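Please read them alongside the coordinates.

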Amino acid sequence: MSTNQNFTSIFQSTTARLIMVGLLTLILLIPLAIVNDLIHERAERQKEVVNEINSKWGREVFVYGPILKVPYTTYTENKVFDDQNKTITTERQAIKNFAYFFPEQLTNQTEVSTETKYRSNYEAVLFTAQMKFNGHFTKPDFSIKTIADEDIEWDKATIVIQTSNLSSIKDAVSINLGGEKYTFEPVYYKSDSEIIASENPVSSLETSYIDFSNYFENSTFNFSINYQGSSKISIVPIGKTTEASMKSNWNAPKFNGSFLPSHDITDNGFTANWKVLHINRPFAQQSFGFLPKVSQYSFDVDFIIPVDQYVQNDRASKYGFLIIGLTFLIFFLIQSVSKIKIHIFQYTMIGLALIMFYTLLISITEHSSFLKAYLIATIAVVGLITAYSVSILKNKKFPMLIGVSLSALYGFIFVIIQLENYALLVGSIGLFLILAAVMFISRKIDFSS
């Protein structure tokens with residue numbers, strides 16, 4: 001046998017064909033990566049559009065209040081020395097501070113009405129929230145700081161509410177305290193002692209002066225705030241006992257934060273209830289000099305689309321290598337069993353058709369539902385490869401097998417994409433069964449030829 005014949009024999013051997021198909025599979029990862037970049041680019045564009053919609057309607061809602069703010073005076077003594085470093089006199093300097101007291105009891109009822117807004121191919125979830133708060137304060141205790149009663153300015157007390165952004169509030173806010181009504185106004189702090197120590201970009205609402213000594217016996221309060229917002233609602237349970245309830249027509253809430261509720265979720269919406277005691281959180285009922293950082297101790301409800309179209313497309317594209325590899329393996333097994341020759345160019349055309357599945361999927365999804373897009377893309381690609389296989393394999397039996405196998409494979413991937421908690425389990429079992437089938441079919445193939 002000549003050298004050329006030996007080279008041709010080696011090149012056409014089963015092992016050589018398997019290596020070439022493997023290399024082609026790796027090469028096709030390049031266009032698959034480009035498709036992945038396209039999906040991420042479109043997803044980023046969606047985030048930009050959603051942020052724009054949210055900024056005009058209203059962003060996340062963060063509420064922290066009501067807080068009783070009482071000014072008080074402390075004193076320091078400064079010694080004055082002469083030239084011989086002897087004390088001449090002692091000067092007493094008054095320093096104004098603020099004490100902050102949280103409610104003894106705080107109850108909240110929130111009703112949230114959601115709607116989905118569309119711009120071009122993108123969607124955002126917006127909501128209108130009606131919040132009602134009521135509760136009561138106890139008489140503030142300054143004994144921990146040994147502050148004399150004459151140094152406490154009860155007549156200059158105020159009520160403060162911290163919130164994420166004032167532009168989300170759609171009605172005037174006022175509080176009924178002990179039967180008297182006080183209106184909140186936005187406040188911009190100037191004194192260092194008045195800076196609220198919070199990592200959240202919060203704004204402040206504050207009442208005019210209240211003589212709180214008039215309310216020692218009756219400090220019950222109630223107020224309402226109406227928000228237009230998006231994405232999330234966060235409430236800090238600052239009452240010694242905080243009870244909250246939320247009701248909404250949104251049927252896919254995500255409960256986050258430091259405290260999870262008891263809840264009931266149906267197709268028509270959800271209801272949730274929280275009860276938080278002061279012993280459940282790591283901050284006290286009063287603070288002197290500044291407010292503590294408490295945003296991390298809120299309970300949150302996210303109003304987001306649980307699995308949007310780009311997340312589903314991204315999940316589908318992650319299985320691209322698996323689909324290409326298994327499809328090539330099916331053709332290779334058919335080629336090995338039937339002795340039909342399939343050229344590497346024909347493998348390339350089949351691989352590119354499989355890549356086109358993802359471009360069809362993302363483009364159709366932007367104008368329809370993911371289910372319809374997945375069905376159309378599957379029918380188009382499976383139909384194209386099946387029809388192409390008829391001319392390659394010269395019969396109808398093997399193309400029908402390919403069509404059924406690809407349909408089952410795409411159906412299997414779709415099921416995995418839809419699952420969340422059981423995706424890994426179902427995927428592992430499915431891959432095990434596929435591997436077992438391949439091992440069974442290939443057990444009699446002579447790879448030495």
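Accessible areas here come from the Shrake-Rupley method with a 1.4 Å probe, and for residues only the protein chains shown count as cover. The model is predicted, so local features need pLDDT of at least 70 and side-chain atom pairs count only at pLDDT 80 or more, while totals for chains, interfaces and linings use all residues. Residues are numbered from 1 along each chain as its sequence is written, and side-chain values use heavy atoms, with hydrogens and water left out.

1. Overall. The accessible surface of the protein is about 23700 Å², and carbon and sulfur atoms contribute 56% of it. Of its 449 residues, 45% are buried (under 20% relative accessible area; exposed is over 50%, partly exposed in between; 1.4 Å probe, protein chains only). There are 9 helices and 16 strands, taken as DSSP runs numbered from the N terminus (helices H or I, at least four residues; strands E, at least two). Among contacts (heavy atoms within 4.5 Å) with a separation of 6 or more, 78% join residues 24 or more positions apart.

2. Helix α8. This helix covers residues 397-418, and its 22 residues span 32 Å between the first and last C-alpha, close to the expected 32 Å; the expected span is 1.5 Å times one less than the number of residues. Its buried residues include Phe 398, Ile 402, Leu 406, Leu 409, Ile 413 and Ile 417.

3. Leu 326. This residue belongs to helix α5 (residues 320-338) and counts as buried because its relative accessibility is 15%. Beyond its neighbours within four places in sequence, Leu 326 contacts Leu 409 and Ile 434. The C-alpha atoms of Leu 326 and Ile 434 lie 8.9 Å apart, although 108 residues separate them in sequence.

4. Helices α4 and α6. The axes of α4 (residues 309-318) and α6 (residues 344-365) come within 10 Å and cross at roughly 170°. Axes are lines fitted to C-alpha atoms, for helices over the stretch in contact, and angles run from 0 to 180 degrees between N-to-C directions. The two helices, α4 and α6, are therefore roughly antiparallel (an angle over 145 degrees).

5. Backbone geometry. Most residues other than glycine have a negative phi, and most peptide bonds are trans. The bond from Gly 65 to Pro 66 is cis, with omega near 5°, and Pro 66 sits in strand β1 (residues 61-81). Thr 146 has a positive phi of about 50°; Thr 146 is exposed, at 70% relative accessible area, in the loop between β4 (122-136) and β5 (158-163). Ser 231 has a positive phi of about 75° and lies in strand β10 (residues 220-235).

How values were computed
Angles under 35 degrees count as roughly parallel, over 145 as roughly antiparallel, 65 to 115 as roughly perpendicular and the rest as oblique.
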